[in-house]
There are 4 protein chains.
Amino acid sequence: MYTFETKLRVRYAETDQMKYLYYGNYAQYFEVGRVELMRSLGLSYKELEENHKVMMPVIYMQQRFLRPALYDDVLTIETSVRVLEENSLTFHSEIFNDTQKLLNSGHVRLCFIDMNSGKRIAMPKHLYEKLHPFFIQN
Amino acid sequence: MYTFETKLRVRYAETDQMKYLYYGNYAQYFEVGRVELMRSLGLSYKELEENHKVMMPVIYMQQRFLRPALYDDVLTIETSVRVLEENSLTFHSEIFNDTQKLLNSGHVRLCFIDMNSGKRIAMPKHLYEKLHPFFIQN
Amino acid sequence: MYTFETKLRVRYAETDQMKYLYYGNYAQYFEVGRVELMRSLGLSYKELEENHKVMMPVIYMQQRFLRPALYDDVLTIETSVRVLEENSLTFHSEIFNDTQKLLNSGHVRLCFIDMNSGKRIAMPKHLYEKLHPFFIQN
Amino acid sequence: MYTFETKLRVRYAETDQMKYLYYGNYAQYFEVGRVELMRSLGLSYKELEENHKVMMPVIYMQQRFLRPALYDDVLTIETSVRVLEENSLTFHSEIFNDTQKLLNSGHVRLCFIDMNSGKRIAMPKHLYEKLHPFFIQN
């Protein structure tokens, strides 16, 4: 298991007239969480596309909305990879407000597409090797 | 069961550099689908907030992304209520492109909040009565 | 001069906690307005990119916000090309609510980029020819 | 004159299929720039709404788009108040990429609305007093 924390402040643009962070915008927070988790391991999603010609579209998402996130809240996004799979990568996210209340909990599964062929492939080796040390069982 | 179809065209703003409709934007399409389903029954979500002081935040969402939606595609959003619950309302959505391929499938559960007290309440009666005829069992 | 009207309904996602259509979202309405103006002339922006390998980024935008657009309002976007230029294309947009009140007025200038070279070019001929008849002076 | 700098990283969600930061999304960056400028002076926009019952809708926006902002770029938003007005507040924004190239330049004018009456008012005194010292002429 590997876990990483990121912080983001809720923008006015992201609220709706209920005064909540609009439910569709959590997907962006999940995105930032997983990209920063990757960066913390020395992995750049941008380079994955540019240099390795591999892109990672989302194939599944699930979220529970427990409490509203409000304008100007500084949220903590705790993102983790819990299992190492070969053909996809699943990120679990938990979002907390600044009083440590859990607001949102969910996970997103992404696959790997070779941008030249358009075909689905296995997890690129350099990515697998960075993640592998965190999943060695005793 | 009650089903309603709406059509929406993908905006340039909604694409990402993968040339896909960004995965977080489907939540907006689901929103339009359920609001139009309600309107088709003579129910206005706007009036629910303004006149009945009831709002409906999302408490759960789940989506599978099967094929990408692309810029300028005219998508068909098929939204349905499959079960009549008392304390929440669940909308199932299936999104098809113009060659009838299923792109996205998911569901969203919303609850009812009394805007004066901030407390969760049961489904307002006028809403229940509009939906009820579609769920009478033989 | 050439003018075209499109209608769009304000989504919940597009409001902010002020209960207004968020000011940044008008840019999307302008986009829909100009793309539908082009379509009304038999011009597809999608095909411009796909077949002609020309894309049209925005180089200038100006907007006045006169009255708020509200959730569920059906807005009329009146888009017009007032002058035929050779190296850019300027769209003027006026947005009205359903009581014909002017909410927003602005314009956007776009240029033409050859997607292969990345260089700025003049307006593609097929586009110029479609627009030209509306600008013949007596 | 008072100037403040903020940094923001471009999200995948904010790109479009041209691989540019979508032109409508700069409005959010401008928003973050002006809110952080206010915070740097000890002013909270959130409290302005909550405690002072004053909100600040945008009444004018103008932007030039000089070079594209790209995915994962860390942008510097330089926001400044150049003139102290009594009935509105104008923020100038310049956005630079990490090689100090100017990408976008514009300004936004906001007014002050008393949330109880819905009427436009002058700049609240506590806000005026925080800004005033930066505009004393010799």
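**Exercise 1: the strand pairing**

Task: find out how many bridges join strand β3 (residues 58-65) of chain A to β3(B), and which way the strands run.

Step 1. Five bridges join the two strands, and they run antiparallel. Strands pair if DSSP finds at least two bridges between them; strands (E, at least two residues) and helices (H or I, at least four) are DSSP runs, numbered from the N terminus.

Step 2. Pick out one position: A:Y60 stands opposite B:R64 in β3(B).

Before moving on, a word on conventions: this is a predicted model, where local features need pLDDT of at least 70, side-chain atom pairs count only at pLDDT 80 or more, and totals for chains, interfaces and linings use all residues. Residues are numbered from 1 along each chain as its sequence is written, while chains are lettered from A and ligands numbered from 1 in the order in which they are written.

**Exercise 2: two sides of chain B**

Task: describe the side of chain B that touches chain A, then the side that touches chain C.

Step 1. Chain B puts 18 residues in contact with 18 residues of chain A, a contact being two C-beta atoms, placed from the backbone, within 7 Å.

Step 2. On this side, α1 and β3 (58-65) of chain B each give two or more residues. The largest share, eight residues, comes from β3(B).

Step 3. Sort that side by class: twelve nonpolar, five polar and one charged. Here Ala, Val, Leu, Ile, Met, Phe, Trp, Tyr, Cys and Pro count as nonpolar, Asp, Glu, Lys and Arg as charged, and the others, Gly among them, as polar.

Step 4. Now turn to chain C: nine residues from chain B meet nine residues from chain C. Helix α1 (residues 26-40) of chain B supplies the largest share of chain B's side, three residues. By class, that side has four nonpolar, one polar and four charged residues.
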